[in-house]
Amino acid sequence: MRRRGKGVCLLEASDRVGGKIHTVRSDGWTIEMGPAGWLDHEPEWHKLCEEVGLGVETSVAGDGERLLLKGGKLHAIPSGKLGLLRASFLSPAGRLRLCLEPFLPRRAGDPARSITADESVWEFGRRRFGKEVASTLLDAAASGLFAGDSKTMSFPAAFPHLAAAEKKHGSLVRAAWKGTAPSDALCTSEGGLQNFSERLAEGLGSSLQLNAPVDSLRLENGQWIATSKGEALSQSQTVFSTAPAGALVQMLGHAAPPELRTFAETLVTTSLRSIPFRFDESAILRPGKGFGILAPSSENAPFLNIQFTHSIFPSQVPPGKALFRALVRGKESQGDRSLSEETQQIPIYTLGHLERLAAAEQAVARALPGLYLGGDSFFGVGLNPALRRAMLCADRICNT
Ligand SMILES: Cc1cc2nc3c(=O)[nH]c(=O)nc-3n(C[C@H](O)[C@H](O)[C@H](O)COP(=O)(O)OP(=O)(O)OC[C@H]3O[C@@H](n4cnc5c(N)ncnc54)[C@H](O)[C@@H]3O)c2cc1C
């Protein structure tokens, strides 16, 4: 928006910018306590990084080079077009069932509804690839990537790219054969993600207000007034909120439409913690190669996923050292305790998310003109959906 000459005022509750992005740097280690990077699906990241004078670092190991924990053992998740047919965690019957996928019809939509009826991640996996793939790979992806339960998590809300690929090509295997599968490279900005948010914020100058938790947002004579601790901080025609849905409802008070309230009340969230484990390479038997480890819920693993940072972004680890980053739920605490105390809330999109979202969005557009919804409560968990939504709203705001 600043690029287009629009004035922007950013009100941030905490004492730093970036939200869940939080990088700790010391003695040659760059440790991400929140997101590790973005998947290389959005060219806009490269433009933005260039604009703030930062290079983009692309992962050495691809997101596809993962291991799967099954039966207490680690199995490679084979990549490539027919890779899964070699997967050692699938039985011969499970692999045979996979071969049917290109011949199955796409899911029939309901013509009476604008939104296709929802489907869980597990049900999608069972329908297209069979029960074995649903209970291993799809289940591990739901918990490892989104801390969710594959049987209650909405597939189209959590994996919109895959849902769109099925709609377009009918089969995901055929979509992969046509080379339309998105890149699985993870990217970060030079020196870690926080460098990026700090550089962006520098350009805001005095329009950035830290330690400014908005407690009330009200519309008066076509102007939005944001106040914090009784003091009006800003007045504007439009507001783009990336606060969690519950916080936004509180700010709006009685003006919050019932659909937005219902959305916030039904949104499931969980607390996550990223725990770094730092080693001398010589002190470990097998320095992990590849991207990391996922585990289906049947394994009852004490982690949601583990990333091998030294093999993903070697520049973030001093020479001769290894860094494993475990993502765990809530309070489980091991590893480097000095760094692992920070928990963060993330939403989990359960069945019906897209329908509740559409109702909330329509109600907000009707009742609260000039308020734009954003943030991971609504439009996708991850840095890519955050960027996409921000770009879309910036366009809409600049064109009104
Ligand atoms: C441990 C962890 C690992 C992750 N790993 C990845 C990953 O590798 N790749 C990926 O793409 N995604 C990852 N994610 C998800 C990703 O980090 C988030 O989806 C994304 O950062 C959300 O951005 P956001 O702007 O929606 O929300 P946030 O980053 O949470 O920002 C919201 C901001 O609003 C502020 N705020 C809240 N209330 C108020 C108020 N009343 N007044 C003013 N300000 C307020 C908050 O202080 C915060 O700064 C991870 C998440 C976690 C927790």
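The model is predicted, so local features need pLDDT of at least 70 and side-chain atom pairs count only at pLDDT 80 or more, while totals for chains, interfaces and linings use all residues. Residues are numbered from 1 along each chain as its sequence is written, and side-chain values use heavy atoms, with hydrogens and water left out.

**Cavities**

- Rolling a probe the size of a water molecule over the atoms shows where empty space is left.
- The model has three cavities of 30 Å³ or more; a cavity is a set of points, on a 1 Å grid over the protein atoms alone, where a 1.4 Å probe fits but cannot get out.
- The largest cavity has a volume of about 50 Å³, a volume being the space filled by probe spheres set on the points, with grid points joined across faces, edges and corners.
- Its lining residues (those with an atom within 4 Å of a point) are T30, I31, E32, A36, L186, Q307, T309, I312, F313, Q316, L323 and R325.
- β3 (29-32), α11 (309-312) and β17 (321-329) each give two or more residues to this lining, and β3 gives the most, with three.
- Helices (H or I, at least four residues) and strands (E, at least two) are DSSP runs, numbered from the N terminus.
- By class, the lining of the largest cavity has six nonpolar, four polar and two charged residues; Ala, Val, Leu, Ile, Met, Phe, Trp, Tyr, Cys and Pro count as nonpolar, Asp, Glu, Lys and Arg as charged, and the others, Gly among them, as polar.

- L82, L85 and W177 make a nonpolar surface patch of about 290 Å²; patch residues have over 30% relative accessible area and no salt bridge, and nonpolar side chains (Val, Leu, Ile, Met, Phe, Trp, Tyr) are joined within 5 Å.
- Accessible areas come from the Shrake-Rupley method with a 1.4 Å probe, and for residues only the protein chains shown count as cover.
- L85 sits in the loop between β7 (73-76) and α2 (92-98) and is partly exposed at 33%; buried means under 20% relative accessible area, exposed over 50%, and partly exposed in between.

**Positive phi angles**

- Most residues other than glycine have a negative phi.
- D27 has a positive phi near 45°; D27 lies in the loop between β2 (23-26) and β3 and is exposed, with a relative accessible area of 72%.
- N211 has a positive phi near 50°; its place is the loop between β9 (208-209) and β10 (216-220), and N211 is partly exposed at 47%.

**Salt bridges**

- The structure holds 16 salt bridges, each a side-chain nitrogen of Lys or Arg within 4 Å of a carboxyl oxygen of Asp or Glu.
- D376 and K20 pair at 2.9 Å, N to O. They link distant parts of the chain, 356 residues apart, and K20 is partly exposed at 28%.
- E166 and R127 meet at 2.8 Å, N to O. The pair links helix α6 (residues 160-169) with helix α3 (residues 121-129); E166 is buried at 6%, and R127 is buried at 18%.
- E101, R107, E119, R127, R128 and E166 are linked in a network of salt bridges.
- R366 and E259 meet at 3.8 Å, N to O. R366 is in helix α12 (residues 353-367) and E259 in helix α10 (residues 258-266), so the pair ties together parts 107 residues apart in sequence.

Notes
1 Å grid on protein atoms, 1.4 Å probe; cavity = no way out; pocket = protein on both sides within 12 Å on 5 of 7 lines; lining within 4 Å. Patch = residues over 30% accessible without salt bridge, like charges linked within 9 Å, V, L, I, M, F, W, Y side chains within 5 Å. Buried < 20%, exposed > 50% of the residue type's maximum accessible area, 1.4 Å probe, protein only.
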